[in-house]
Amino acid sequence: MLHAIIQSSLKNKLIVLLLTATMAGFGLFSLTHIPIGAVPDVTNNQVQVITTSRNLSTLDVERFITYPVELAMANLPGLVEIRSISKFGLSVVTLVFEDNMGTYLPRQLITEQLEVAAENIPAGFGKPFMGPISTGLGEIYQYILEVEPAYKDVYSVSELRTIQDWIVRRQLSGIPGVVEVNTWGGFLKQYEVAVNPEVLHAMDISIGEVYSALETNNSVVGGGYIEKQNQSYFIRGEGLATSVEDLENIVVRNRDGVIIRVKDIAEVQFGHATRFGAITANGEGEKVLGQVMMLKGANSDEVIRDVKERVAEVQKSLPEGIHINGFLDRSELIKKTTNTIAENLILGCLIVIFVVVILLGNMRSGLVVASVIPLSLLFALSMMYLFDVDANLMSLGAIDFGIIIDGAVIIVEFIAFQISKNRDKILKTSGLEQQQLIDKITLDGAGKLTRSALFGQLIIIIVFIPILSLSGIEGKMFTPMAQVFTFALLGTMFLGFTYVPVMSSIFLKPAKKPNNISTHLIGFLNRLYEPSISWALSHKKFVLSATVLLLAVSIFIFSRMGGEFIPTLDEGDFVIQPVLKTGTTLSSTIALTTRMEEILKTFPEVKQVVSRIGAAEVPTDPMSMEESDIIITLKPPSEWVTASSKDELANRFKEALSVIPGIDYEFTQPIEMRFNELITGTRADVAIKIFGEDLSQLNQLAQQIKTLISPVEGASDVVVEKVAGLPEMTVKYDLNKLAIYGLTVDDVNRVISMAFAGLKAGEIFEGEKRFDLVIRYQNDYRNDIENLRNTFIPMPDGHQVPLREVAEVNFSKGPAKISRDDTRRRIVVGVNVRGRDMESVVDDVRALIDQHIDLPAGYAITYGGQFENLRSARNRLMIAVPIALLLIFVLLHLAFNSLREALLVYTAIPLSAVGGILLLYFRDMPLASLPE
């Protein structure tokens, strides 16, 4: 069959060349349309169900929101894992589905169950909704609104927030591929009716009456229409308040002709919603941040380009003195990785071409072989386009042109040898007869070696079977590399049957016995090789014994080598996560991060520092107010003066920040942090998960483990997940007293919520802008526990009673966060690995924990994070690698038709591993899924 294909190609050279040109053209087309990214998106197929209930404690969020949502979703088809985080006022349930279910089917199934979950959540406690259709690579562009120095006193943080929400965000929405523009920081403007409780009590008016007055005096109504004189007059009742003055003049009560208005009992002013997050930057104080999130599966390079173009347009419409500062732009990383890929491909191609031309000793032969390189790459690009494989560092960065063109080299070299051997016969002919003779020689030469080349390429493809067998996170990471390499090899195989024989017959000419650099180089190598092979053949026993000994030593070293899932990709930026005391106020966190930014800005390597504190409006990253991500964008390494490596720079940062006492720091990178968090529910490289029921017991065990493993070499940034110690003011009701006063728990809770958290009573419109109208106590009456105790509760008879008469109000400590995996509570001890391989660190940690930690009944420990991916990949490879080795042996047997010769060649596999193992050992590198 192969002979027939080659023969047909030689008879139809023009058609072969036209088809090759068409393939190359489609490859160029594919190159401009393939999605380009930095790394594969390894985020698992997950959907977040988010519920905000700003007035519920952590424990109540778990009981009344998280549990009903988990229960409603537990039996969805294709569900792999349920994770949840319950915090004060926030529940985030992460549902992980099988990858083959796609993006939208899981969301449809969840939509059907959301109503079931909502029915089981008490009224007023919040309504669950799904998070945006995005992934760990979705945060493609982040910016802050900057105010020029001359305008610092013109714009407040509240005004910046309004500009972000109603100008910038609206114009950035609607870009193809953008699924969400999230806002973080600033003050969300509200029209606030700040009630004075003392005046209310003196006038015997309840806060509920004020709320009702606001609600009923701020509305519109339609009354149909009236026909008059051939025209329809539509009736519109306009009762909306449009200003602070309108709100102040709303009548609360008319008692015996005495009108009490809102302004008599409250201050009507511009306020802001209760904040659970903030943004600071460059040591300059608070800012407002926008976060552009990309639709899952979109082309990140195109989306970022469109976003930046739109940002340039939006900039023109901003008020004077304000500009958009895009501090974190995924295109920078894409550009860096794309340049790395291009450099590797171009240099690799040129080096291979140079070596081929030198070793073949024939310019024509070298160029024929060299032309296969770009053609095989274009074929691979065409297949990437057809099979939706993105172009990134993993898919294109690992292509080895030397392996790809190996088959073409031996075919062309043999054809060139045969043509030169028959030089005299060829030169005796001319014209068509000469070409026919060359075609015949080419056909015979290609026919003899194509089978060998084919078997060699098939063996290389089989080598990738273990990688192609990987699934889950490791499959998404490495499968593109194996696919692209296989595509390129298949392209070379097809070209070897068609294009290579055609080009050889056209361009190769009979030559005299060469006497060039190639001849001298090969002769030199032969002179070096012949004595060594002669010595080896005369000392067989010694050579075989030394080989076996070397293999045994390598196996011994291999058994003790560490391992890691994948070496860390240098994203060029840092993320520092300071660990503050649980319950730290938002204002204190802002002050601390600002001080950290001032310290970090003193380093000449730092370009910008932006801190994200707490949770954003769409809390896909549910942090507490004492948690923050300090994002450090760095200058190019060529401009560094303080350190020569990122690890060294991280240590310098940590030393400089140590002047702030009592704070631990975790160092990571933006994409790495987001991947770890979304994939495993934790941001650390290694997550030691402790499962159990009692939160205090879990916290105690976690602290013991932290102290135990901190001295382990390579275990850096050992941090315990904050789950306990949230300060609370607990109201415990006396049901007997409530009954005496004719009150219910719901009556009292509503007053407390309205007075301290605030309750929305309507909306105020400013043109297209709309702002909540909220009623609450004045700030001076809601900042102390005594204010809570003295809150007056209206009774059915019209009188009021202070809260302290019907309840005990005391300080207490409650859970700060409750995390659950598959409905079981857990706490995480996070470990980032630096300066050592991950597996060795985990082995040492596991040994210490097994030896010194005694777990109570019902408690368990598991190890997650990237280590979990490493273990999963290794288990699958333990099955796939033996299968691949068996297939290779079968192919060798078919190629040689001899068991002895097949075994002889097969011994090269374990012996070739000797060099890799020893070089890794001497370079002090761990065994990784992907070499650094």
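## A buried serine

Ser376 has a relative accessibility of 0%, so it counts as buried, the cut-off being under 20%. The model is predicted. Ser376 is part of helix H12, which covers residues 363-386. Which residues is Ser376 in contact with, leaving aside its neighbours within four places in sequence? They are Ile404, Ala488, Thr492 and Leu495.

## Overall composition

The chain contains 33 helices and 32 strands. Its C-alpha trace spans about 130 × 85 × 55 Å along the principal axes. Of the 932 residues in the chain, 50% are buried.

Among contacts with a separation of 6 or more, 78% are between residues 24 or more positions apart.

## The four-stranded sheet

Four strands form an open sheet in the order S12-S7-S25-S24, and the pairing is mixed. Strand S12 (266-272) and strand S24 (759-766) are the edge strands, each pairing on one side only. On average, neighbouring strands in this sheet are turned by 30 degrees against each other, with direction ignored.

S24 and strand S25 (residues 769-777) run antiparallel and are joined by seven bridges.

How many residues of strand S22 (residues 715-720) are buried? The count is six of six, and the strand is mostly covered. In a regular strand, side chains alternate between the two faces of the sheet.

S22 pairs with strand S30 (residues 824-833) in the antiparallel sense, over four bridges. Within this pairing, Ser716 stands opposite Asn832 in S30.

## Salt bridges

Side chains of opposite charge can pair when their charged atoms come close. The whole structure holds 30 salt bridges. One of them joins Arg652 to Glu648, with 3.6 Å between the closest N and O atoms. Both residues belong to helix H24 (residues 646-657), and they are four residues apart, about one turn of the helix. Are these side chains buried or partly exposed? Arg652 counts as partly exposed because its relative accessibility is 31%, and Glu648 counts as partly exposed at 29%.

Another salt bridge is formed by the side chains of Asp821 and Lys689, at 3.0 Å from N to O. This pair links distant parts of the chain, with Asp821 in strand S29 (residues 817-821) and Lys689 in strand S21 (residues 686-691), 132 residues apart. Asp821 has a relative accessibility of 6% and therefore counts as buried. Lys689 is buried as well, with a relative accessible area of 6%. Asp821 also meets Arg826 in a salt bridge, at 3.4 Å from N to O. Arg826 has a relative accessible area of 3%, so it is buried. Through salt bridges that share partners, Lys689, Glu721, Lys817, Asp821 and Arg826 are joined into one network.

## A nonpolar surface patch

Which residues make the nonpolar surface patch of about 600 Å²? The patch consists of Ile346, Leu347, Leu350, Ile351, Phe354 and Val355. Ile346 is found in helix H11, which covers residues 330-360.

Notes. Residues numbered from 1 in each chain as written. Predicted model: local features only at pLDDT ≥ 70, side-chain atom pairs only at ≥ 80, totals over all residues. Heavy atoms only, no water. Pairing = 2+ DSSP bridges. Helix = DSSP H or I, 4+ residues; strand = E, 2+ residues; numbered from the N terminus. Axes fitted to C-alpha atoms, helices over the stretch in contact; angles between N-to-C directions. Patch = residues over 30% accessible without salt bridge, like charges linked within 9 Å, V, L, I, M, F, W, Y side chains within 5 Å. Areas by Shrake-Rupley, 256 points an atom, 1.4 Å probe, with all protein chains shown as cover. Salt bridge = Lys/Arg side-chain N within 4 Å of Asp/Glu carboxyl O. Buried < 20%, exposed > 50% of the residue type's maximum accessible area, 1.4 Å probe, protein only. Contact = heavy atoms within 4.5 Å.
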